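Welcome, and please take a look at the chain shown below.

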Amino acid sequence: MNRLRSPRVGRPSEHEHYPQLARHQRVKLVVVKKEKRLYVLSNHHVLYIINAKTNLARTTTQINGVRGTIIFTQNNGIRQVGANWLSLNQADTFIEAPTYINNHRVHGNWLHSRYHCANTIDVSKPDAHWLQSLPNNTRLVIK
């Protein structure tokens, strides 16, 4: 865990550079809600650890080909604008970097925010941008 930085929305989760995903086979994502972490794995080895706030139930799904730069979501009266989003096979479920929550700009450590926009996995902006390079049908397990 000493490879992780303290969570900030504007910087990568680890001190190291992002690995090139094209070099690795069978990339898989595992989210551990209790730890607020998203693990990027290849052949049972951890490639990268991402600070992540997960607002999804335990499930296994895949990342599909729908992606973009800006997204607006609204659930239970909470409005969230995100950047560099990926869509999951489940309807209206996204991995994104939160930029605004209820018209307030997100700064610093968003992991302990009192806002919980349903059906999202929130990561930092650089992490969300890097995750755009994930291949379609990458498996995602939420524990």
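A residue is called buried if its relative accessible area is under 20%, exposed if it is over 50%, and partly exposed in between, using a 1.4 Å probe and protein chains only. Helices (H or I, at least four residues) and strands (E, at least two) are DSSP runs, numbered from the N terminus. With these terms, β1 turns out to be mostly covered, as five of its six residues are buried.

A word on the source: this is a predicted model, in which local features need pLDDT of at least 70 and side-chain atom pairs count only at pLDDT 80 or more, while totals for chains, interfaces and linings use all residues. Residues are numbered from 1 along each chain as its sequence is written, and side-chain values use heavy atoms, with hydrogens and water left out.

**The whole chain**

Read from the N terminus, the order of elements is β-β-β-β-β-β-β-β-β-α-β. The radius of gyration, taken over C-alpha atoms, is 14 Å, close to the 15 Å that the globule rule (2.2 Å times the number of residues to the power 0.38) gives for 143 residues, so the chain is as compact as a globular protein of that length. Along the principal axes, the C-alpha atoms fill a box of roughly 40 × 30 × 25 Å. Of the 143 residues, 50% count as buried. A contact means heavy atoms within 4.5 Å. Among contacts between residues at least 6 apart in sequence, 61% join residues at least 24 apart.

**Strand β1 and its partners**

Two strands pair if DSSP finds at least two bridges between them. Which strand pairs with β1 in the antiparallel sense? The partner is β2 (residues 37–42), and six bridges hold this pairing. The hairpin of β1 and β2 has four residues between the strands, and Lys36 there takes a positive phi near 55°. β1 is also joined to β10 (residues 139–142) by four bridges, and these two strands run parallel. Leu29 shows both pairings: this residue stands opposite Val40 in β2 and opposite Leu140 in β10.

**Aromatic pairs**

A pair of aromatic rings is described by the distance of the centres and the angle of the planes. Rings of Phe, Tyr and Trp (its six-membered ring) pair if their centres lie within 6.5 Å; planes under 30 degrees apart count as stacked, over 60 as edge-to-face and the rest as tilted. The whole structure holds four aromatic pairs. Here are two of them.

| Pair | Distance of centres | Angle of planes | Kind |
|---|---|---|---|
| Tyr18 and Trp130 | 4.8 Å | 15° | stacked |
| Trp85 and Phe94 | 5.5 Å | 90° | edge-to-face |

Tyr18 lies in the segment before β1 (27–32) and Trp130 in helix α1 (residues 125–131), so their pair ties together parts that are 112 residues apart in sequence. Tyr18 is partly exposed at 24% relative accessibility, whereas Trp130 is buried at 8%. Together with Tyr48, these two residues form one aromatic cluster. In the other pair, Trp85 is buried with a relative accessible area of 11%, and Phe94 is buried with 12%.

**Glu14 and its salt bridge**

A salt bridge is a side-chain nitrogen of Lys or Arg within 4 Å of a carboxyl oxygen of Asp or Glu. By this rule, the count is one salt bridge. Arg3 and Glu14 form it, with their closest N and O atoms 2.8 Å apart. Both Arg3 and Glu14 are in the segment before β1, eleven residues apart. Is Glu14 buried or exposed? Glu14 counts as buried, at 2% relative accessibility, while Arg3 is partly exposed at 28%.

A polar contact is a pair of N or O atoms within 3.5 Å; within protein, one must be able to donate a hydrogen and the other to accept it, and residues adjacent in sequence count only if both atoms are side-chain atoms. The side chain of Glu14 reaches the backbone nitrogen of Ile49 at 2.7 Å. Leaving out residues up to four places away in sequence, Glu14 touches Arg3, Leu4, Arg5, Tyr48 and Ile49.

**A look at His104**

His104 belongs to strand β8 (residues 104–105) and counts as exposed, at 53% relative accessibility. The side chain of His104 reaches the backbone oxygen of Asn102 at 2.8 Å.
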